[in-house]
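Please keep the sequence at hand while reading.

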Amino acid sequence: MSGRDLFCRPRRPRRGAALTLVFASVLVAGAATGSLPGVDPEATADGARPALPAGHHTEVSEAVAEAVADGTSPVEAARRAVSRSGDRWAAVYSPGEYEEFEDTLDGQYTGVGLWARARDGRIEVTRVGGGTPADRAGIRAGDRLRSVDGARVDGRPVTEVVSLLRGDGTDARAGTTVRLGLERAGRTWSETVRRVRLSRDSVATRELAPEVTLVTVGAFTKGSGEQVRTAVREAPADAGIVLDLRGNSGGLVAEAVTAASAFLDGGLVATYDVDGEQRALHADHGGDTGRPLVALVDGGTMSAAELLTGALQDRGRAVVVGTRTFGKGSVQMPSRLPDGSVAELTVGHYRTPSGRGVDGRGITPDVEAEDAALDRATTVLRGLGRQDPPRP
């Protein structure tokens, strides 16, 4: 599976007292969570509050309290309350799911090694990792995924499809198999592939030409922001950067802010609210503000990746090329339940530096491009000269 497969479980928290507020990212091809730094002084050492937030989450809190008093399952009670709440991004996860997701944020995940997206109501494979089970089974980019273990996937949210691929409903582990129904050029067939434990670097760099460096960020896992800064520092002095965020389903927001710091000399990256209280995220000083920059995005660009894209666009630092991004800009707070499970509930939204809301809207590119988008991005980049540093 993919960046989507990598983060198939939406809205899951990451431990760490400094990483406690979550931007859950669910997308076209998967889901991720991102954590905001330094916003929850009451968090426990593992980053989840011991009690559920108040306010519009009273229903969930009361359901959990009643379950504890009755000796029934708090997690099941919370799930029922969440399903009734109308909070489209809320979710409740078991301790095992929570622990597994920590690994995904460190670049470890269970999957089959394919990337996918929704297109015209169908699920399309966009990329296959070399040497992965999907690769060995002969699955290719452009193949249509028709079913997973017999369940048809047309018209289903990609997050559900990814959950089926990973076997979330049955807590499938590495070594279990999954049967995929596929289609290519009118031919249909099935492949049974085995899930394995995979690891991947979320940032890759290559030279497209002497004056063009491609930096691809698949997800904002731990350390990826610093990897972006290193890639920019080590790029040839006369090279512009194409920052490829296509299919980036989000991740740790702190890492996205660090990545923004590679291109900005301080200043605002985003604002967000937590139960009505306004906060702000700022870039570090010292980024490369003169090197030509194009951000390449698509419908699979979401959450923390949208936060980064919006900052670079609003600050006049990058030309954004591609298609409209997914539009996930709500903030979730993880909360520990009595049995160790975690409920993640929406508490607010974030905005770009100019005040634009992203949730349900996405980021509109400066230059629309779907087919041959990378070629278009390279052409745009070559038309940009070195810039005078913008004001923070």
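The side chains of D154 and R144 form a salt bridge, with 2.1 Å from N to O; the term denotes a side-chain nitrogen of Lys or Arg within 4 Å of a carboxyl oxygen of Asp or Glu. This pair connects distant parts of the chain, ten residues apart: D154 lies in the loop between β8 (151–152) and α6 (158–166), while R144 belongs to strand β7 (residues 144–148). Helices (H or I, at least four residues) and strands (E, at least two) are DSSP runs, numbered from the N terminus. The model is predicted: local features need pLDDT of at least 70 and side-chain atom pairs count only at pLDDT 80 or more, whereas totals for chains, interfaces and linings use all residues. Residues are numbered from 1 along each chain as its sequence is written, and side-chain values use heavy atoms, with hydrogens and water left out.

How exposed or buried are the two partners? R144 counts as buried because its relative accessibility is 10%, and D154 counts as partly exposed because its value is 28%. Here buried means under 20% relative accessible area, exposed means over 50%, and partly exposed lies in between (1.4 Å probe, protein chains only).

Two further pairs may be considered. R233 and E226 meet through their side chains in a salt bridge of 3.3 Å, N to O. R233 is classed as exposed because its relative accessibility is 55%, and E226 is partly exposed because its relative accessible area is 33%. Elsewhere, salt bridges with shared partners join R144, R146, R152, D154 and E183 into one network.

The other pair consists of E59 and R84, whose side chains form a salt bridge at 3.9 Å from N to O. Distant parts of the chain are again linked, with E59 in helix α2 (residues 58–70) and R84 in helix α3 (residues 74–85), 25 residues apart. E59 counts as partly exposed because its relative accessibility is 43%, and R84 counts as exposed because its value is 55%. In general, side chains of opposite charge can pair when their charged atoms come close. The count of salt bridges by the rule given above comes to 18.

Attention now turns to helix α9. This helix, residues 304–314, is mostly covered, with ten of its eleven residues buried. The buried residues of α9 are A304, A305, E306, L307, L308, T309, G310, A311, L312 and Q313. Just after α9, G316 adopts a positive phi of about 70°.
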